[in-house]
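Here is a short report on a helix contact and on model confidence. Please have the structure open as you read.

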Amino acid sequence: MSGNNWKQRTQCSAINCNNYQCTSNELAFHRFPKDPERSARWVQNLRNASLAGISSQRLNQNYRVCSAHFHPSQFKRPSDVHAGLNWNAVPTMVNAPNPPPPPLDIEHKRKPPKTRQELPPKKRQQSHATGPFFEKHSLPDEDAVAGSSSPPPSTDNKAVAGPLLPPPPPLQPDLTDLTKKLYKQIRSLKSQICKLKAKVRNLTRQKTSKLDVKHELKRLLPAKSYAFFSTQLRMCQRKANGFRWTAQDKAFFLSLLHASPKCYRLLCRVFSMPSVRTLQKVIKSPGFKQSILSTD
């Protein structure tokens with residue numbers, strides 16, 4: 001089915017909704033989630049009995065829900081329905097006798113502010129009359145005006161200020177830019193450590209698997225076949241300039257070159273084998289024995 005025909009036949013899957021994708025340009029049509037649990041919750045909230053029994057994979061491929069059934073808080077940008085849905089978005093605005101409940105973030109309300117406890121009027125006046133200005137220009141006591149011989153009132157700060165209040169809790173220091181930068185570096189280093197550990201685990205598994213394969217092939221293959229296989233396995237992990245051939249490898253490849261030079265050059269294109277020039281140097285070197293050219 002072409003894209004235009006698919007758009008013309010796409011209708012919203014919610015109950016009592018007649019929105020089509022070809023006629024509703026201001027609306028966005030969203031796929032069903034692939035997760036079976038979330039897909040079942042969508043089907044339950046849409047109140048459409050015809051969707052029951054359809055697999056989540058088929059719903060994701062062939063069915064759509066328009067953006068009119070999602071609360072603005074369910075979008076990545078509440079003012080733009082084409083910006084996409086959040087990962088946990090659920091359709092809740094359905095025209096049905098028993099509509100689903102609204103999202104949890106809408107039901108959450110702010111706590112009422114705490115009521116402040118006011119001090120009694122006498123203590124409040126005493127708490128305001130503190131400081132050197134009030135101590136210097138304080139009014140005389142009633143007993144001093146009456147001419148009594150009682151001693152003057154004490155100017156102790158504790159007596160004037162009233163009962164001592166508990167000290168305020170220490171304020172936590174704000175994180176500076178340097179501290180925030182260090183925290184970001186720590187997080188990035190931790191993620192790098194996790195990636196390196198996973199890489200080490202994969203390499204360990206590969207190494208153990210290679211050892212098992214070599215052990216099994218050594219039991220099944222002949223000696224020369226196993227020597228050729230182990231050489232290819234060792235050289236496939238190196239570059240062309242880093243090849244190092246043992247005396248046993250050179251003797252084996254010399255016997256192949258002596259048997260058929262044309263076939264040897266053809267095999268060099270497929271396998272990791274020393275060049276003809278390298279083997280010619282071995283032949284010209286002192287101490288070379290003709291017996292290694294035998295293929296037995």
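The sections below cover confidence, then helix packing, then an aromatic pair.

## Model and confidence

This is a predicted model, where local features need pLDDT of at least 70, side-chain atom pairs count only at pLDDT 80 or more, and totals for chains, interfaces and linings use all residues. Residues are numbered from 1 along each chain as its sequence is written, and side-chain values use heavy atoms, without hydrogens and water.

The protein averages a pLDDT of 76 (the predictor's confidence in each residue, from 0 to 100). A score of at least 70 is reached by 71% of the residues. Over residues 142-149, pLDDT stays under 50. The model has 3 contacts beyond four places in sequence for that stretch (contact means heavy atoms within 4.5 Å). Where pLDDT is low, predicted coordinates should not be read in detail.

## Helix 10 against helix 11

Helix 10 spans residues 223-235 and helix 11 spans residues 247-259 (helices are DSSP runs of H or I, at least four residues, numbered from the N terminus). They pack at an angle of about 115°, with axes 11 Å apart. Helix 10 and helix 11 are therefore roughly perpendicular (65 to 115 degrees).

On the helix 10 side, the contact includes Lys224, Phe228 and Arg234. Helix 11 brings Gln248, Asp249, Phe252 and Phe253.

## An aromatic pair

Phe228 and Phe253 form an edge-to-face aromatic pair (ring centres within 6.5 Å, planes over 60 degrees apart). Their centres are 6.3 Å apart, with 70° between the planes. Phe228 lies in helix 10 and Phe253 in helix 11, so the pair ties together parts 25 residues apart in sequence.

Note on methods. Axes fitted to C-alpha atoms, helices over the stretch in contact; angles between N-to-C directions. Helix = DSSP H or I, 4+ residues; strand = E, 2+ residues; numbered from the N terminus. Parallel < 35°, antiparallel > 145°, perpendicular 65-115°, else oblique. Phe/Tyr/Trp six-rings, centres within 6.5 Å; stacked < 30°, edge-to-face > 60°.
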